[in-house]
Amino acid sequence: MFSVRKSLWREHIFDLIRRTATDLPADVERAIRRAQLREKRGGNAWWVLGEILQNVKLARRHDAPLCQDTGTLSFYFIVPPGFDTNALVGATREAIAMATRAGYLRQNAIDPVSGVPYQTNVAPGSPVFSFRQGARKTVDARLIMKGGGSENVSAQYVLPDGELGADRDLEGVRRCILDAIWQAQGQGCAPGILGVCVGGDRASGYEHAKSQFLRKLNERSPNRTLARLEASVMWDANKLGVGPMGLGGRTTVFGVHIDALSRVPATYLVTVSYMCWALRRRGMLLGPEGGLKRWLY
Amino acid sequence: MSKTLEYPFTAAKVRSLKLGHRVCVSGLIFTGRDKFHRYLFQGGKSPVNLADGAIFHAGPVMARKHGKWVVLSAGPTTSARMDSYMPRLIEQHKIRVIIGKGGMSDATRQACAKHGCVYLEAVGGAAVTVAQCVKDVCGVHLLAEFGEAEAVWALTVKGLRAVVAIDAMGRSLQKRVRQSSKRMLAKMLK
Ligand code: SF4
């Protein structure tokens with residue numbers, strides 16, 4: 001049986017938040033570095049990517065949030081059979097309050113009715129929890145922080161879309177994704193990463209699109225057709241010339257992740273979740289006693 | 001490679017900046033975002049003198065260390081959200097420099113040309129780099145009313161790097177990119 005020691009969980013999750021807020025995953029940092037090599041030396045695109053890389057380094061060194069918008073906190077837990085999630089929820093909330101007080105998180109949860117920010121980021125809808133039951137004895141805990149600038153340019157399309165010439169097929173899906181990238185320009189802090197859900201409903205579409213950011217940048221869809229679409233959209237997107245921060249350049253997106261959910265006959269949705277270059281994702285595996293087994297990514 | 005721009009940001013200094021060039025901003029700047037812009041737009045009195053000044057679209061992460069405010073992280077926020085307020089504020093408050101991200105609308109562009117103002121694109125998300133440029137937090141206004149992220153922070157910065165994305169002639173870098181990428185997109189969707 002799992003013996004949950006709340007203080008131990010709290011410490012681990014605090015550390016998960018701290019690492020997520022202050023450092024980029026290695027694959028994302030590598031993608032930025034590679035992109036800089038492709039841009040014209042001394043040009044604005046090259047400069048922007050250089051500033052980003054320097055910022056990542058500084059954030060790591062100073063143990064400071066790498067972007068001031070510490071985003072929506074989405075936790076993804078996979079727990080063993082029979083696991084009681086209440087203690088984990090409690091420990092996570094406490095860890096968030098601690099991380100806010102320590103300056104790793106901005107007061108980022110605001111009451112839309114009164115306009116007042118919540119002191120600790122623990123509020124209705126914050127954090128967002130997703131629980132799944134796994135077969136293993138370990139707890140898989142992952143966190144994604146996604147900022148508002150990139151959330152604002154995310155989009156959902158209802159097919160067919162006459163204006164885009166998008167029918168209910170993969171060519172239609174391709175058109176929607178490219179349109180979303182064009183509409184976003186630099187507003188979502190390009191270069192971006194796209195999580196796409198084909199199908200589902202209004203709610204599950206966005207949720208599933210966002211969860212694609214749990215994949216590593218080079219992790220292709222296991223579905224061959226979708227994997228091909230990912231590659232082709234990425235190729236086209238980088239020919240648009242939007243570039244870093246929309247100032248022009250060769251790199252507009254770093255990655256495209258597409259997945260599909262079943263749909264009802266009347267609805268064909270394409271949901272595009274846009275993630276800024278600051279893709280903050282971390283994860284850890286915890287053993288049955290609550291001890292840290294290893295870091296993921 | 002880049003030009004320095006020092007406070008006070010006079011019309012002459014601002015007009016000498018060229019589209020697409022990089023600048024290093026030094027001196028006094030004020031943060032202000034959604035709530036502050038709306039407040040001014042609705043006729044609220046500005047707690048600071050914005051004439052020949054710079055407004056920085058940002059919501060910083062602040063902390064108090066040894067009784068003093070320090071900036072932990074302060075990148076630009078999306079300026080488009082301030083678009084509906086900006087032209088009037090440029091005119092009424094003689095703002096000369098806007099620092100933000102993502103570019104601004106045609107109306108703001110035209111106000112820049114008319115009243116002599118520039119829009120500087122700072123790198124979105126590069127919040128620690130900006131925080132490093134802050135040498136002093138001189139004061140804070142409307143903190144109780146707006147909260148930490150939306151308050152007006154008076155900052156002394158040194159060497160804050162940005163690109164001139166709208167110049168004082170009203171030309172916009174982002175607009176050009178938007179148009180050229182639109183043509184490219186049309187070709188792809190043929
Ligand atoms: S879009 Fe991303 S990088 Fe840009 S300000 Fe928001 S969280 Fe930061």
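Biologist: Is B:Phe36 buried or exposed?

Modeller: Buried means under 20% relative accessible area, exposed over 50% and partly exposed in between, using a 1.4 Å probe and protein chains only. B:Phe36 has a relative accessible area of 0%, so B:Phe36 is buried. This is a predicted model, in which local features need pLDDT of at least 70 and side-chain atom pairs count only at pLDDT 80 or more, while totals for chains, interfaces and linings use all residues. Residues are numbered from 1 along each chain as its sequence is written, chains are lettered from A and ligands numbered from 1 in the order written, and side-chain values use heavy atoms, without hydrogens and water.

Biologist: How many aromatic pairs does the structure hold?

Modeller: Rings of Phe, Tyr and Trp (its six-membered ring) pair if their centres lie within 6.5 Å, and planes under 30 degrees apart count as stacked, over 60 as edge-to-face and the rest as tilted. Over all chains there are 12 aromatic pairs. A:Phe77 and A:Phe131 are stacked, because their ring centres are 5.2 Å apart and their planes lie at 20°. This pair links distant parts of chain A, with A:Phe77 in strand β1 (residues 72–79) and A:Phe131, 54 residues away, in strand β2 (residues 128–133). A:Phe77 is buried at 2% relative accessibility, whereas A:Phe131 is partly exposed at 32%.

Biologist: Why is the pair of B:Phe36 and B:Tyr39 stacked?

Modeller: The ring centres of B:Phe36 and B:Tyr39 are 6.4 Å apart and the planes are at 20°, so this pair is stacked. B:Tyr39, at 26% relative accessibility, is partly exposed.

Biologist: Which residues form one aromatic cluster?

Modeller: A:Phe75, A:Phe77, A:Phe129 and A:Phe131 do.

Notes: Helices (H or I, at least four residues) and strands (E, at least two) are DSSP runs, numbered from the N terminus.
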